[in-house]
Amino acid sequence: MPTCVECQSFFPIEEEPGRGDCVRKGVDARQTYYSARVVSQDKDAARCDSFQKKVIPKEALH
């Protein structure tokens, strides 16, 4: 089961441990914009249409 903390759109909030912003890019006929909402890091992301697994650079694995 994927969780929000494993998603590229999740950004932790320092003041609120265990929570973060889910930031998504949107485009409509007139503009490009970003929307954000606060989510729990352990929320089930299995049904999220925007879930994208974070990519860990090779340098970080050493």
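Mentor: A nonpolar core is a set of buried Ala, Val, Leu, Ile, Met, Phe, Trp, Tyr and Cys residues joined through side-chain atoms within 4.5 Å, where buried means under 20% relative accessible area, exposed over 50% and partly exposed in between (1.4 Å probe, protein chains only). The model is predicted, so local features need pLDDT of at least 70, side-chain atom pairs count only at pLDDT 80 or more, and totals for chains, interfaces and linings use all residues. Residues are numbered from 1 along each chain as its sequence is written, and side-chain values use heavy atoms, leaving out hydrogens and water.

Trainee: Thanks! Which residues make up the largest nonpolar core?

Mentor: In soluble globular proteins, nonpolar side chains tend to be buried together. Here the largest such core has five residues: Cys4, Phe10, Cys22, Val39 and Ala45.

Trainee: Which residues does Val39 touch, beyond those up to four places away in sequence?

Mentor: Val39 belongs to the largest nonpolar core. Contact is heavy atoms within 4.5 Å. By that test, Val39 touches Cys4, Phe10, Gly18, Arg19, Gly20 and Cys22.

Trainee: Is Thr3 buried or exposed?

Mentor: Thr3 sits in the segment before strand E1 (10-12); a strand is a DSSP run of E, at least two residues, numbered from the N terminus. Leaving aside neighbours within four places in sequence, Thr3 contacts Gln41, Asp42, Lys43, Ala45 and Phe51. Because its relative accessibility is 13%, Thr3 counts as buried.

Trainee: And why does Ser9 count as buried?

Mentor: Ser9 also lies in the segment before E1. Beyond four places in sequence, Ser9 is in contact with Asp21, Cys22 and Val23. Ser9 counts as buried because its relative accessible area is 15%.

Trainee: Now Asp44: how far is it from Cys4 in space, C-alpha to C-alpha?

Mentor: Asp44 follows strand E3 (32-40), in the segment after it, and is partly exposed because its relative accessibility is 38%. Outside four places in sequence, Asp44 is in contact with Met1 and Pro2. Asp44 and Cys4 are 40 residues apart in sequence, yet their spatial separation is 6.6 Å.

Trainee: How far does the backbone nitrogen of Ala46 lie from a polar atom of the Asp44 side chain?

Mentor: We are still in the segment after strand E3 (32-40), where Asp44 lies. From the backbone nitrogen of Ala46 to a polar atom of the Asp44 side chain, the distance is 3.0 Å.

Key
Helices (H or I, at least four residues) and strands (E, at least two) are DSSP runs, numbered from the N terminus. A polar contact is a pair of N or O atoms within 3.5 Å; within protein, one must be able to donate a hydrogen and the other to accept it, and residues adjacent in sequence count only if both atoms are side-chain atoms.
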